[in-house]
Amino acid sequence: PRTPFDILIVDAGLNHGIKKDSIVTSKGVLLGRVLEVQNSTSQVLLFSTSKTNIDAIISRTGESVNLEGSGGGNFVLVLPRSFDIVVGDILVSPTEDIFIIGEVIHINSDPSSSFQVVLLKSPLNINSLRWVLLSPSFNEE
(Lines give C-alpha, C1' and ligand atoms only; values in the text may rest on other atoms or scores of the structure.)
Protein backbone atom coordinates (compact mmCIF):
# COMPACT_ATOMS: atom_id res chain seq x y z
CA PRO A 1 0.00 0.00 0.00
CA ARG A 2 2.97 2.36 0.28
CA THR A 3 4.06 2.09 -3.35
CA PRO A 4 2.91 4.11 -6.37
CA PHE A 5 0.38 2.61 -8.75
CA ASP A 6 1.90 -0.06 -11.07
CA ILE A 7 5.05 -0.52 -8.95
CA LEU A 8 5.79 -3.80 -7.17
CA ILE A 9 8.27 -4.31 -4.34
CA VAL A 10 9.67 -7.85 -4.34
CA ASP A 11 11.73 -9.55 -1.64
CA ALA A 12 14.73 -10.40 -3.82
CA GLY A 13 17.64 -8.11 -4.57
CA LEU A 14 21.39 -7.92 -5.09
CA ASN A 15 21.91 -10.66 -2.48
CA HIS A 16 19.85 -12.99 -4.72
CA GLY A 17 21.58 -12.09 -8.00
CA ILE A 18 18.84 -9.74 -9.21
CA LYS A 19 19.98 -7.01 -11.60
CA LYS A 20 18.41 -3.84 -12.90
CA ASP A 21 16.30 -4.52 -16.05
CA SER A 22 15.60 -8.15 -15.10
CA ILE A 23 12.20 -9.15 -16.48
CA VAL A 24 9.32 -10.05 -14.21
CA THR A 25 6.74 -12.71 -15.08
CA SER A 26 4.04 -14.71 -13.35
CA LYS A 27 2.24 -17.79 -14.67
CA GLY A 28 3.48 -17.19 -18.23
CA VAL A 29 2.46 -13.51 -18.26
CA LEU A 30 5.04 -10.75 -18.86
CA LEU A 31 4.50 -8.13 -16.16
CA GLY A 32 7.40 -5.69 -16.02
CA ARG A 33 11.06 -4.91 -15.54
CA VAL A 34 13.22 -4.34 -12.43
CA LEU A 35 13.68 -0.60 -12.06
CA GLU A 36 15.80 -0.43 -8.93
CA VAL A 37 17.68 -3.03 -6.85
CA GLN A 38 18.68 -2.93 -3.19
CA ASN A 39 20.41 -5.68 -1.18
CA SER A 40 17.28 -7.68 -0.34
CA THR A 41 14.47 -5.97 -2.31
CA SER A 42 13.77 -4.76 -5.83
CA GLN A 43 11.35 -2.28 -7.31
CA VAL A 44 9.47 -3.48 -10.41
CA LEU A 45 7.86 -1.13 -12.94
CA LEU A 46 4.93 -2.85 -14.63
CA PHE A 47 4.65 -2.57 -18.41
CA SER A 48 1.04 -1.49 -17.88
CA THR A 49 2.24 1.73 -16.19
CA SER A 50 0.74 4.77 -17.89
CA LYS A 51 2.78 5.97 -20.91
CA THR A 52 5.10 2.92 -20.85
CA ASN A 53 5.52 1.27 -24.25
CA ILE A 54 6.16 -2.39 -25.06
CA ASP A 55 6.38 -4.25 -28.36
CA ALA A 56 3.99 -7.16 -28.83
CA ILE A 57 2.79 -9.63 -31.45
CA ILE A 58 -0.83 -10.50 -32.13
CA SER A 59 -0.70 -14.28 -31.79
CA ARG A 60 -3.53 -14.94 -34.27
CA THR A 61 -2.00 -12.93 -37.16
CA GLY A 62 1.70 -12.56 -36.30
CA GLU A 63 1.47 -8.76 -36.72
CA SER A 64 3.81 -6.61 -34.60
CA VAL A 65 2.37 -3.69 -32.64
CA ASN A 66 3.44 -1.30 -29.88
CA LEU A 67 1.27 -1.21 -26.76
CA GLU A 68 1.02 1.74 -24.40
CA GLY A 69 0.34 1.12 -20.74
CA SER A 70 -2.71 2.83 -19.30
CA GLY A 71 -2.40 1.71 -15.66
CA GLY A 72 -3.76 -1.10 -13.54
CA GLY A 73 -2.81 -3.98 -15.85
CA ASN A 74 -4.40 -2.27 -18.87
CA PHE A 75 -3.02 -1.26 -22.26
CA VAL A 76 -4.21 0.79 -25.22
CA LEU A 77 -3.37 0.42 -28.89
CA VAL A 78 -4.28 2.84 -31.70
CA LEU A 79 -4.41 1.22 -35.13
CA PRO A 80 -5.73 1.99 -38.61
CA ARG A 81 -9.41 1.04 -38.77
CA SER A 82 -8.69 -1.58 -41.45
CA PHE A 83 -6.13 -3.40 -39.24
CA ASP A 84 -7.07 -7.03 -38.50
CA ILE A 85 -7.65 -7.28 -34.74
CA VAL A 86 -10.65 -8.66 -32.86
CA VAL A 87 -11.91 -8.92 -29.28
CA GLY A 88 -10.30 -11.97 -27.69
CA ASP A 89 -6.98 -11.68 -29.58
CA ILE A 90 -3.99 -12.49 -27.36
CA LEU A 91 -0.86 -10.35 -27.59
CA VAL A 92 2.47 -11.94 -26.73
CA SER A 93 6.09 -10.90 -26.32
CA PRO A 94 8.26 -10.80 -29.46
CA THR A 95 10.92 -13.00 -27.84
CA GLU A 96 12.14 -16.58 -28.09
CA ASP A 97 10.42 -17.37 -24.79
CA ILE A 98 6.84 -16.36 -25.45
CA PHE A 99 4.95 -14.61 -22.66
CA ILE A 100 1.39 -13.34 -22.78
CA ILE A 101 1.11 -9.57 -22.38
CA GLY A 102 -2.60 -8.96 -22.73
CA GLU A 103 -5.95 -9.81 -24.26
CA VAL A 104 -8.12 -7.52 -26.40
CA ILE A 105 -11.26 -6.76 -24.37
CA HIS A 106 -12.83 -3.92 -26.36
CA ILE A 107 -12.41 -2.07 -29.67
CA ASN A 108 -13.70 1.49 -30.16
CA SER A 109 -14.17 1.91 -33.89
CA ASP A 110 -15.86 5.14 -34.98
CA PRO A 111 -16.87 4.89 -38.68
CA SER A 112 -15.97 8.58 -39.14
CA SER A 113 -12.40 8.00 -37.91
CA SER A 114 -9.57 6.31 -39.77
CA PHE A 115 -8.35 4.78 -36.51
CA GLN A 116 -9.60 2.25 -33.97
CA VAL A 117 -8.69 2.33 -30.29
CA VAL A 118 -8.05 -1.15 -28.90
CA LEU A 119 -8.25 -1.78 -25.14
CA LEU A 120 -6.33 -4.68 -23.63
CA LYS A 121 -6.05 -6.19 -20.17
CA SER A 122 -3.43 -8.41 -18.55
CA PRO A 123 -4.84 -11.90 -17.88
CA LEU A 124 -3.61 -11.61 -14.28
CA ASN A 125 -5.11 -9.38 -11.63
CA ILE A 126 -2.04 -7.37 -10.62
CA ASN A 127 -3.72 -6.33 -7.38
CA SER A 128 -3.73 -9.91 -6.09
CA LEU A 129 -0.30 -11.13 -7.23
CA ARG A 130 1.53 -13.17 -4.61
CA TRP A 131 4.40 -14.72 -6.59
CA VAL A 132 6.51 -13.45 -9.46
CA LEU A 133 9.59 -14.76 -11.25
CA LEU A 134 12.57 -12.49 -11.93
CA SER A 135 14.82 -13.44 -14.87
CA PRO A 136 17.67 -11.82 -16.79
CA SER A 137 16.58 -9.13 -19.25
CA PHE A 138 15.87 -10.17 -22.84
CA ASN A 139 19.12 -8.44 -23.86
CA GLU A 140 21.19 -10.66 -21.55
CA GLU A 141 19.73 -14.03 -22.58
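Is Asp-89 buried or exposed? Select Asp-89: this residue is buried, at a relative accessible area of 4% (buried means under 20%, exposed over 50%, partly exposed in between, with a 1.4 Å probe and protein chains only).

Before going on, note that this is a predicted model, in which local features need pLDDT of at least 70 and side-chain atom pairs count only at pLDDT 80 or more, while totals for chains, interfaces and linings use all residues. Residues are numbered from 1 along each chain as its sequence is written, and side-chain values use heavy atoms, leaving out hydrogens and water.

**Stop 1: Arg-60 and its partners**

Asp-89 sits in the loop between S7 and S8, and Arg-60 in the loop between S5 and S6, 29 residues apart. Strands here are DSSP runs (E, at least two residues), numbered from the N terminus.

Shared partners join Arg-60, Asp-84 and Asp-89 into one network. Arg-60 is partly exposed, at 42% relative accessibility, and Asp-84 is partly exposed at 41%.

**Stop 2: Lys-51 and Glu-68**

A search of the whole structure finds three salt bridges. For another of them, select Glu-68 and Lys-51, where the closest N and O atoms are 3.7 Å apart. Glu-68 belongs to strand S6 and Lys-51 to the loop between S4 and S5, 17 residues away in the chain. Glu-68 counts as partly exposed at 27%, whereas Lys-51 is exposed at 62%. Check the backbone of Lys-51 too: phi is near 70°, a positive value in a residue other than glycine.

**Stop 3: Lys-27**

Move to the loop between strand S2 (23-26) and strand S3 (29-37), which holds Lys-27. Phi of this non-glycine residue is also positive, near 50°. Lys-27 is exposed, with a relative accessible area of 77%.

**Stop 4: the cores**

Select Leu-77. Its contacts (heavy atoms within 4.5 Å) include Val-65, Ile-85, Leu-91 and Val-118, not counting residues up to four places away in sequence. Leu-77 is among the residues that touch the most other members of the largest nonpolar core, which has 19 residues (buried Ala, Val, Leu, Ile, Met, Phe, Trp, Tyr and Cys joined through side-chain atoms within 4.5 Å). Strands S5, S6, S7, S9 and S10 each give two or more residues to this core. Apart from it lies another core, of 14 residues, including Leu-8, Ile-18, Val-44 and Leu-134.

Methods
Helix = DSSP H or I, 4+ residues; strand = E, 2+ residues; numbered from the N terminus. Salt bridge = Lys/Arg side-chain N within 4 Å of Asp/Glu carboxyl O.
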